Amino acid sequence: MRYILASQSPRRRELLSLLVPDFEVCPADIDERLRDGAPLEDEIVRLAAAKARSVSQTHPDAVVIGADTMVTIDGAALGKPRDAEDAKRMLRLLSGRTHRVLTGAAVARDGAVSTVLNVTEVTFRTLREDEIARYAATGDPLDKAGAYGIQGRGAPLVRGIHGDFYSVMGLPVAQLYELLSL
């Protein structure tokens, strides 16, 4: 069986390798804008499925895995920050609070797409302004939804989680395992 990850995320590559040791990477080129008024949970699943479906059109013989992750707080979506100032804004918003991380995963195989949604709650410590500035200056937050990575330099920001750690990293490993029926 030939597997393709429809993402260039190094974290997703690392996590998928726990399930499938041999796979290709072929990032999907889709419009990732959210639809106005659509539930964020639905949008994350829609985007994951669109990524898998897009890549499967050019690789119909493969099993294609797509994923998308979004941080939400107060009903608002926090995607990847535009720059360091936007990252600081997001980190201030998350400081001392609990937010939700939505991760959708999709598997396209034989013309069909199966999806899952994982919702994990993450609680941040109350962050000092110098901590926020120092973390933002590393550049680490810039390619991550919600401006942090739980598995790296962002680990000290997190007081606790309720849910799936790997999903917060970007791929719900156990649920994906079940989708792939390995």
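**Entry 1. The largest pocket**

I began with the largest pocket, which holds about 700 Å³ of space. The model is a predicted one. I then listed the lining of the largest pocket and found 32 residues; the closest to its centre are Arg-12, Glu-32, Asp-68, Thr-69 and Lys-80. Next I looked up which elements give two or more residues to this lining, and they are α1, α2, β3, β4 and α5 (165-169). The largest share comes from β3, with 4 residues.

**Entry 2. Arg-11**

I turned to helix α1 (residues 10-16), where Arg-11 has its place. Is Arg-11 buried or exposed? I noted a relative accessibility of 14% for Arg-11, and because buried means under 20%, Arg-11 counts as buried. I then looked up its contacts, leaving aside residues up to four places away in sequence. Arg-11 touches Asp-143, Lys-144, Gln-151 and Met-169.

**Entry 3. Helix α2**

I took up α2, one of the elements that give two or more residues to the pocket lining. Helix α2 spans residues 40-58, 19 residues in total. From its first C-alpha to its last I recorded 28 Å, close to the 27 Å expected at 1.5 Å a residue. Which residues of α2 are buried? I listed Leu-40, Glu-43, Ile-44, Val-45, Leu-47, Ala-48, Ala-49, Ala-50, Lys-51, Ala-52, Val-55 and Ser-56. I also looked up what covers these buried residues, and the cover includes β1 (3-5), β3 (63-73), β4 (76-78), β5 (98-109) and β6 (112-124).

**Entry 4. Helix α6**

I went on to helix α6 (residues 173-180), in which Val-173, Leu-176, Leu-179 and Leu-180 are buried. Why do the buried residues of α6 line one face of the helix? Seen down the axis of α6, they fall within an arc of 120°, so they line one face. I set beside this a general point: an α-helix has 3.6 residues a turn, so residues three or four places apart point the same way. On the other side of α6, I found Ala-174 and Glu-178 exposed. The cover of the buried residues of α6 includes β1, α1, β3, β5, β6 and α5. I noted that β3, which also covers buried residues of α2, is among these covering elements of α6. Last, I looked up what follows α6: Ser-181, with a positive phi near 55°.

Technical notes. Residues numbered from 1 in each chain as written. Predicted model: local features only at pLDDT ≥ 70, side-chain atom pairs only at ≥ 80, totals over all residues. Heavy atoms only, no water. Expected span 1.5 Å × (residues − 1). Buried < 20%, exposed > 50% of the residue type's maximum accessible area, 1.4 Å probe, protein only. Contact = heavy atoms within 4.5 Å. 1 Å grid on protein atoms, 1.4 Å probe; cavity = no way out; pocket = protein on both sides within 12 Å on 5 of 7 lines; lining within 4 Å. Points joined across faces, edges and corners; volume = space filled by probe spheres on them. Arc of directions from axis to C-beta.
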